[in-house]
Amino acid sequence: MGKCRRPAATVVFHSMLHALLASSTLFLQQLINGAVLGGLYALIALAYSLVYGVARLVNFAHGEIYLFGAFIFLSLLSGFFGVVLSFGPALLGAVAFCALLGVLLDKVFFRPLRRAPALAGLMTTIGLSVILQNLALLIWGSRSRIFFGALVPAFFARPALQSGGLVVSWFQVIIIAATAGTLAGLQLLLYRTRFGRAVRAVSQDRTAAALVGVNVDRVVSGVFAIAAILAGLAGIMAGCYCSAISPAMGYTAGIKGFSAAVVGGLGSLPGAVLGGGICGLVEAFGAGYISSPYHEGLVFVTMIVILLLKPGGLAGRKS
Amino acid sequence: MKKFFPVLFLLLLFPVAAAGAGKTIGIPVVAPLSGPLASFGQGVVNGARLKAEELNTNGGINGRPVAIRFEDDRCDPQTAAAVAVRLASDPDVFIVVGHVCSSATLAALPIYRAAGLPAITPASTNPAVGRLSAIYFRNVYQDEFQGAFLARYVSRARHYKRVAILFAANDYGLGLKDAFAAAARRLGLQIVDCESCPAERTDFRAQLAKIRDLNPDAVFLAGYAPQASLIVSQARGLGMKCVFFGADGLDDALMLKNPDAEGLFVTTPFLADRGGAMVRDFVERYRRRFGLEPDWFAANTYDAVGLAAAALARAGCDRGKVSAWLAALDSPGNAYQGIAGPIYFDAHGDCLKPIFVKLVRHGRWVSAADQLQP
């Protein structure tokens, strides 16, 4: 008896260790996959929350700014507009375009509606979202575009880390780093600059901010620009990460980013990051551990559960 | 778009030409000529045009010249139904060649059935097409046959034991997956995982990481080329080395542009280097006429137009007689001789045709060394 037990125990231990190692590889891989998606969703969620904070407006056109970011970037890289730019200038160009688009939308459509009922602004954003998507269809056609790494630097797809079965590409590292960097930059901007102080003031009480001399319209325009930059960056990174862009990509991303913002608590920036992260991780782990096709709905089920428990969102303000 | 203008031009010319000649017989050919799947339509247009030109140099249909009338359905069910209504109500239309996408064919089918108008699809593989209408014929195999063939091929010719499936969440992907899985069970081929890909998804790393852990011999991509191309690239990025394969939905030049698709194999109804003298002849004539290699859409449309013309010639310009003549082609001995083998129909209007396997090697399609015939 005593002789038999030890080898059996060893075998069991070894097989458990193997299972643990194998499953931890999958776990880590899904964690990375989910963190990348989460970072992208967090950027869009931040755009929603920033604009909501200062303008009390849910801007559904963020999905389309995301779309334009990706399309303009790749068009500049591939010479669609007649000029071929290298990676850096194309990135700057696309981001600048998104910022301008954000400001333009605010000045032309939302400023006249500042004192109108909230629903008027909301309907306008939905209308703009449809118009912008169709504009993209007119410019680039309905075909989804797939590219094979030729447009982005080759090292992006190479593994940055490879151990056991775990593979982390440079691209995943860059997206996670860029998301973290953007968040840090945003934090600095909001808490260490005059503009940031004005933004916080407007989001707390617009009338009081105006009374103490804050130029509310300029602040709101600035926030629209920043939000558009975040959404555009997310689109650019998502397009490169998946090496495919299509005129339909903005819609799903916009909805998921909005849901992430709501789960985190609309208007709260840490909440937006938290919501985005949850959204990405649930999606990756859902697809990784639960057999599809149910995992697509899992993100939204999780959100409903969270909202049932905390109706104001995870980091929402108490109303 | 440039390639589209000649088609438009033809469309505009047609009524004039028909009125002028008086005695031409029009054969409508419906395909996606614009929209996201317009690349499918190019082969259809060329194949139909080549057949019509050859028919006309040989005296047309009983002395009357043939005019192909191209219609665009964009692979969109609503547009397809609108085109079908127009054709069904035209007294000068006795047979239709089309549509290409299964969803478009299924939308047009009830309209043709109600009007008693026979049709031949050169490309729709959804099993329902044959079951829903006795006068909708096809000279392409259907997905139940194709899925089962793939299972037999990977198990018998490739000796794979464990396969994972990633299927597109549409009629085509679902049908293929079910047929493959059913045949796999009979053959003892193990399906280690089955994952779906929603329509707009472009990131498949989560599903792939899971499949990588299960370490299958191969992954079956039951869907269309755009998603499949992304899947193979992302799989290579995750360090996956296994073989990928799919059905005719992956038979697209897009796969050739993707360096990660090396070794991927697909089923196809037509291979230029397989088959007899008729195939070689056809490929030669097609190359000379268009300066291109014929794809399977071109080959099947060439045959479908030939079959339609033969039916009109033998049965006369009458929808009922044309239907009856086609339905009477029911055995290898009583068949229309197409370039890719004899064409004859079962009770559903479905046809048994050989399936070939080809693979991507150095950015070109080459026929697989180990073909498997039923």
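## Charges over rings

The charged end of K177(B) sits over the ring of F167(B), 4.6 Å from its centre. The criterion is NZ of Lys or CZ of Arg within 6 Å of the ring centre and within 35 degrees of the ring normal. R205(B) places its charged end over the ring of Y241(A), 3.6 Å from the centre.

## Model and conventions

This is a predicted model: local features need pLDDT of at least 70, side-chain atom pairs count only at pLDDT 80 or more, and totals for chains, interfaces and linings use all residues. Residues are numbered from 1 along each chain as its sequence is written, chains are lettered from A and ligands numbered from 1 in the order in which they are written, and side-chain values use heavy atoms, with hydrogens and water left out.

## Aromatic pairs

Over all chains, 32 aromatic pairs are counted. Rings of Phe, Tyr and Trp (its six-membered ring) pair if their centres lie within 6.5 Å; planes under 30 degrees apart count as stacked, over 60 as edge-to-face and the rest as tilted. F171(A) and Y241(A) have ring centres 6.1 Å apart and planes at 80°, so they pair edge-to-face. F171(A) lies in helix α5 (residues 170-192) and Y241(A) in helix α8 (residues 216-242) of chain A, so the pair ties together parts 70 residues apart in sequence. Helices (H or I, at least four residues) and strands (E, at least two) are DSSP runs, numbered from the N terminus. Both F171(A) and Y241(A) are buried. Buried means under 20% relative accessible area, exposed over 50%, partly exposed in between (1.4 Å probe, protein chains only).

In chain B, F137(B) and F345(B) form a tilted pair, 4.8 Å centre to centre with 50° between the planes. F137(B) is in strand β5 (residues 136-138) and F345(B) in the loop between β12 (341-343) and β13 (356-361), 208 residues apart. F137(B) and F345(B) are both buried.

Ring pairs also build a cluster in chain A: F73(A), F87(A), F155(A), F156(A), W170(A), F171(A) and Y241(A).

## A buried serine

S246(A) occupies the loop between β4 (244-245) and α9 (249-264) of chain A. Its relative accessible area is 12%, so S246(A) is buried. Neighbours within four places in sequence aside, S246(A) contacts (heavy atoms within 4.5 Å) L67(A), F71(A), S144(A) and E200(B).

## A partly exposed valine

V83(A) is in the loop between α2 (62-78) and α3 (87-110) of chain A. V83(A) counts as partly exposed because its relative accessibility is 46%.
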